[in-house]
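This report considers the pockets of a single chain and the strand and helix arrangement that accompanies them. Please read it alongside the sequence and the model shown here.

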Amino acid sequence: MRILYHLPLSPQSRLARLSLSERRIPFETRVENVWESGEDFLALNPAREVPVLVEEYGLAVPGGSVIAEYLEEAYTGATLLGHTLEERIETRRLLNWFDVKFHNEVSRNLLGEKVDKRISGRGTPDGTAIRAGYANLRFHLDYIGWLSETRAWLGGAQLTYADLAAAAHLSCLDFIGDIDWSRAPFAKDWYARVKSRPSFRALLHDKLPGFTPPPYYMDLDF
């Protein structure tokens, strides 16, 4: 069986899990505490980061977006990149948006400070970074809301990796209760559609010692 090394509240890991599930590719998950990783994991990914997908024959594929692109090339089935050249460009643009811009402005400041530091024992949260994360989150929720209001899905007419990447980040923040959905109704409606997909069910049952998600986290009709 192929194995996905991951962390439960890693947005890139959740992107990989959603991508594999949407493509109906069976896999097993293995939690990898990267701050404790030994030489075996470093051989799979010298960057010491999750996710890493390891195929049954040994091929290691690191990174959520890299895994998404790999699935498109290695497996048959419906595409999640888009059908036209323009759709594929837009999907990749939004993948990069969430990989880089959203991560640097929001996830690193909130998940990095409130979750990663706590579970890895790497110091105390930086209040300035957390405040910046909350401020930046409002902008990104407005942008997601605008995209979802003007298109069927974030990238265009069909569900793509853009939706999965955005939902991966937001689901992690939702797990720690950091999203006020009442202030982002359009983003909420789009997220509810993604959250209701079968591929999302495993994410809703994630557990993390020391953290209790809000009651609405598992509610599909929140």
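In this predicted model, the lining of the largest pocket divides into 14 nonpolar, 10 polar and seven charged residues. That lining comprises 31 residues, and those nearest the pocket centre are Ser10, Glu49, Val50, His103 and Asp116. Helix α4 (85-120) and helix α1 (11-22) each contribute at least two lining residues, with α4 giving the largest share, 12 residues. At the level of domains, at least three lining residues come from each of domain 1 (3-74) and domain 2 (85-205).

The second largest pocket is lined by residues that include Tyr134, Arg138, Asp142, Asp178 and Arg183.

Turning to the strands, four of them form an open sheet in the order β2-β1-β3-β4, with mixed pairing. Strands β2 (28-31) and β4 (60-62) are the edge strands, each pairing on one side only, and neighbouring strands of this sheet are turned against each other by 20° on average, direction ignored. Strand β1 (residues 3-6) pairs with β2 in the parallel sense over four bridges, and Val31 in β2 is the bridge partner of His6.

Two helices accompany this sheet: α1 lies across β1 and β3 (52-54) and runs at about 155° to β1, while α3 (residues 64-74) packs on the sheet, touching β1, β3 and β4, with its direction at about 130° to that of β4.

Methods: Residues numbered from 1 in each chain as written. Predicted model: local features only at pLDDT ≥ 70, side-chain atom pairs only at ≥ 80, totals over all residues. Heavy atoms only, no water. 1 Å grid on protein atoms, 1.4 Å probe; cavity = no way out; pocket = protein on both sides within 12 Å on 5 of 7 lines; lining within 4 Å. Nonpolar A, V, L, I, M, F, W, Y, C, P; charged D, E, K, R; others polar. Domains from an automatic or database assignment. Pairing = 2+ DSSP bridges. Axes fitted to C-alpha atoms, helices over the stretch in contact; angles between N-to-C directions. Contact = heavy atoms within 4.5 Å.
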